[in-house]
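Good morning. I will go through one protein chain, from the whole down to single residues. Please look at the sequence and the model first.

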Amino acid sequence: MKTTLITNGHIIDPANGIDRVGDLYFADGRITKIDLEGGARQVEPDETIIDATGLVVAPGLIDLHVHFREPGQSAKETIGTGAKAAAAGGFTSVVCMPNTSPSVDNPSVVTWILEKARAEACVNVFPTGAITKGIAGEELAPIGSMRKAGIVALTDDGHCVQNPEVMRRALEYARMFGLTVMDHCQDYALVGKGVMHEGYWSTVLGLPGWPAIGEELIVSRNAQLVELTGTPIHCQHMSSGGSVRILREARARGVAITGEICPHHIALTDETIRAFDTNFKMNPPLRTPRDIDLLIEGVADKTITVLASDHAPHCNYEKEVEFDAAPFGILGLETEVGLFLDILVHKKKAISVGRFIEMFTVEPARLLGLDRGTLGIGAPADITLLDPNLEWTVDKEQSFSRSRNTPFHGWELRGRAVRTIVGGKTVWSI
Ligand SMILES: [Zn+2]
């Protein structure tokens, strides 16, 4: 049995309450030992040693929200290229959204994705299934058979189930199969054709507004449906300060509702749309400095428990059109660790590096019941080495993604993953 030793790193494993310098061993793809004593040790003859002096050794990070575009749109991203981008961002596991083409609304597409991932992906790929057939919001998808095929959650992401009765029935079925429902919160009647935050800048620029109430109303509805059915709902990519308040109040009453934020919603405001650069167009849209403050407050007081990218690749030709006509979404996997560490940990001091790791490991793993996010003995050797203080510059041409749509090209960030290990194998290092 060939053993690998990661020596002298600062091991932070929130799942097991570990936060100190030590040695970590793995063999045959599993964690075998953690030594925090720091005494003399016996070197085995064919031991591989990774020196982690000055680095943080964390459980492999999990991104709960990515779009890998397969099946159907491999010009934007494939499962293989998306997985490489994930590895280069420090992620060992990703949860893929079902708005592919065809959408993931039956077990055969789930099986296709898992087989493709097995053949091409260097990280773990966990598929989600659509709540409704064709993500059309009308008829429930076959939830039980998709569960059997391997989905880890339900979501109509990209769209939002408008009919509360359909959502209620989805929650009741999800409960029978032990699945969490995730929701892209958007009220279509209120949002209409909105392409940016409704406010001062949408008025100045003459672009149709996407009002914050369009998100908040659905977050409210979801809280009430969770209370009624007992099935958890996870609110995806929350963008509005009002949504945070609703979530906080519901959680204080013991309602099993959770939320995530994406880096762009705390890094950028609606004012950036002034340049009409479509790399700043996403759904939900960038909002105001006040919203950013309230989102960060929500992270600090644990109202928001998950960080995610909403990695949404698009081809250049699709984004190089007028603002109204461009698709929503930006790349995220390779910049999110840097952006979140830089903003949440270094600049705003809202959370510690330990909590940052917890929000990318234990929290998403627990939410979906994944056997990941821990350095416990016997767990898969999914490990991320981080340098929380490394200063680096984002260069989109270095990206492993098949697309280039990022507003962060040229940004200087502090903090980055430096090595990604999946099942005991290094799949990327700096
Ligand atoms: Zn979405």
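What radius of gyration would a compact globule of 430 residues have, and what does the chain have? A compact globule would be near 22 Å and the chain has 21 Å, which agrees. The radius is taken over C-alpha atoms, and the globule rule is 2.2 Å times the number of residues to the power 0.38.

Before going on, how to read the values. This is a predicted model, in which local features need pLDDT of at least 70, side-chain atom pairs count only at pLDDT 80 or more, and totals for chains, interfaces and linings use all residues. Residues are numbered from 1 along each chain as its sequence is written, and side-chain values use heavy atoms, with hydrogens and water left out.

Now the overall picture. Along its principal axes, the C-alpha trace spans about 65 × 45 × 45 Å. The chain holds 14 helices and 18 strands. These are DSSP runs numbered from the N terminus: helices are H or I with at least four residues, strands are E with at least two.

Of the 430 residues, 62% are buried. Buried means under 20% relative accessible area, exposed means over 50%, and partly exposed is in between, with a 1.4 Å probe and protein chains only. Take the contacts (heavy atoms within 4.5 Å) with a separation of 6 or more: 75% of them join residues 24 or more positions apart.

As for charge, there are 41 positive and 54 negative side chains, and the centres of the two sets lie 2 Å apart. Lys and Arg count as positive, Asp and Glu as negative, while His and the chain ends are not counted. Each charge is placed at NZ of Lys, CZ of Arg, CG of Asp or CD of Glu.

Helix H8 covers residues 241-252, and its 12 residues should span 16 Å at 1.5 Å a residue; the end C-alpha atoms are 17 Å apart, which agrees. The expected span is 1.5 Å times one less than the number of residues. Which elements do the buried residues of H8 pack against? They pack against helix H7 (213-229), strand E14 (257-261) and helix H10 (289-300). Among the buried residues of H8 are Gly241, Val244 and Leu247.

H7 itself has 17 residues and reaches 24 Å from its first C-alpha to its last, close to the 24 Å expected. Its buried residues include Glu215, Glu216 and Arg221. After H7 comes Gly230, with a positive phi near 80°.

Which residues other than glycine have a positive phi here? One is Ile135, with phi near 50°, in the loop between strand E8 (124-127) and helix H3 (143-149). Another is Lys302, at about 65°, in the loop between H10 and strand E15 (306-307). Are these two buried or partly exposed? Ile135 is buried, with a relative accessible area of 6%, whereas Lys302 is partly exposed at 46%.

Last, the cis peptide bonds. One joins Ser101 and Pro102, with omega about 5°; Pro102 sits in the loop between strand E7 (91-96) and helix H2 (107-120). The bond from Asn283 to Pro284 is also cis, with omega near -5°, and Pro284 is in the loop between helix H9 (264-267) and H10.

That is the end of my part.
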